[in-house]
Amino acid sequence: MKYLGAIFLCFAFLACSNDSAATLNSSSSTGQGGSLARFTVVGDYLYTLEVTTLKWFKAEENGGLTPQGEISLNEGQETIFPLDNLLFLGSTSGMSIYEISSTGEPVFRSQIDHVVGCDPVVANDEFAFVTLRIQSCAGLFRPLATEDVLNIYNVQDIQNPNPVASYPMNDPRGVGLAGDVLFLCEGANGLKVLDISDVNDVSTISQLTNIHANDVIVLNDKLLVIGPEKIIQYDYSDPANLVLISEINL
Amino acid sequence: MRIFICCCFFALLLNACIQERQTIPAEVIGLAPIYASDDWQDIQILAPQSIENLGKIYYKSPFIYATERGRGIHIFDNTDPAQPKAEAFLQIAGNSDLAIRNGILYANNVNDLIGIDISDLADIEVVERLANIYQVTGSDFPENYIGYFECVDPNLGQVVGWFETTIREPECWRE
């Protein structure tokens, strides 16, 4: 009887932990945004970012939204990037990491400051990649820094992200990750395809200079690139040689 | 805190910008005014529209969504990526962002957050509207806001709200 009780407890615990996991990894069908996104869905929750506020809402079965709460943030919040149950926020003054609890609440884990610039962020389990666009970005509140860069932070310990490396770029904007390849938009300067297999020695695999690239979405087999006037799709199975699939230009 | 508004248009006229400006950014996230029209809450599916100034991109197979600054969302059918087809234009005034979950497209509509059932593009339905979620109220300049914004053009009518977007070479700001 004692054993039965223990087994029952065990099941109860399992069921419980499954439930809380299910909240985040529900069967909801969601899409994929670019790195400049300010709205994102994780599980049953919608997160929206404004300049100084992160708000979140529970998405109900009928499509309705129930406001859950909001967090006041430092000025200049620009982008939100979801990775599993983490949210990476890019702001003009740094990158912050929030962990989503089983109730959908984003819990602050860490923040890392950098010089002022415009900065989307993407991340994998090990590293976060942040572009800092300074040359053509705001110098509103603080003096301008000197250089456009790609910053890489080690985020294995989300409580304590560490700068790993920094590379000069030319008007960097949106970024997208595909395994060891990082696609980096440089506005009117085009698109760079970078090898990030060694973050201490990032190299350029290829580069397109004849397009205007503001942001990317990396799909399994193709890359969507958005500029102010068109959307271009590439096959990136050979990162050294992106193959044009089509252009949308109305 | 000292707050002042500085519009370079006037500054040029008066030659009296309070503070010497640093470099005006070519592109920056800021606010743009929404001018009064009675139908800003009117969400509609329209025929495909020409692209003018694309903002955000979103993908939910088989469709590509791309926002048109402050006006709505272009929807392209990407079933054949070699020949994506312009499917429709979803008119949402004051829109800059979107996300999709279970056939519902969530978007900002001026200061409201709305949910649109897009499972049938020929028959969309606004299933949620949370009013004044985004606190940028209408006036000649955005209240309680610090940063760049697009100068108000009084010829375009009364300002009913502000929306966040990428603005180019802004001539108005507040600090």
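Me: Among contacts in chain A between residues at least 6 apart in sequence, what share joins residues at least 24 apart?
Reply: The share is 41%. Two residues count as in contact if their C-beta atoms, placed from the backbone, lie within 7 Å. This is a predicted model, in which local features need pLDDT of at least 70, side-chain atom pairs count only at pLDDT 80 or more, and totals for chains, interfaces and linings use all residues. Residues are numbered from 1 along each chain as its sequence is written, while chains are lettered from A and ligands numbered from 1 in the order in which they are written.

Me: What is the mean pLDDT of chain A, and where does pLDDT stay under 50?
Reply: pLDDT is the predictor's confidence in each residue, from 0 to 100. Its mean in chain A is 86, and 83% of the residues reach 70 or more. Residues 1–25 of chain A stay under 50, and the model gives them eleven contacts beyond four places in sequence. Residues 138–143 of chain A are also below 50, with 13 contacts beyond near neighbours in sequence.

Me: Why is strand β6 of chain A called largely enclosed?
Reply: A residue is buried if 20 or more other C-beta atoms lie within 10 Å of its own, exposed if 12 or fewer, and partly exposed in between, with C-beta atoms placed from the backbone. Six of the seven residues of β6(A), residues 77–83, are buried, so the rest of the structure largely encloses this strand. Over chain A, with its 250 residues, 43% are buried.

Me: What makes β6(A) and β7(A) a pair?
Reply: Strands are DSSP runs of E with at least two residues, helices are runs of H or I with at least four, and both are numbered from the N terminus. Two strands pair if DSSP finds at least two bridges between them. β6(A) and β7(A), residues 86–91, have six bridges in the antiparallel sense, so they meet that definition. A:Gln77 stands opposite A:Ser91 in β7(A). Two residues lie between the strands of this hairpin, where A:Asp84 has a positive phi near 50°.

Me: How many residues of chain A are in contact with chain B?
Reply: 49 residues of chain A touch 47 residues of chain B. Strand β1 (residues 32–33) of chain A and strand β4 (residues 54–60) of chain B run antiparallel, joined by two bridges. A:Gly33 is opposite B:Tyr58 there.

Me: Which strands of chain B form an open sheet of four?
Reply: The order is β8-β9-β10-β11, with antiparallel pairing. β8 (98–101) and β11 (125–130) are the edge strands, each pairing on one side only. Five bridges join β10(B), residues 112–117, to β11(B), where B:Arg129 is the bridge partner of B:Ile114.
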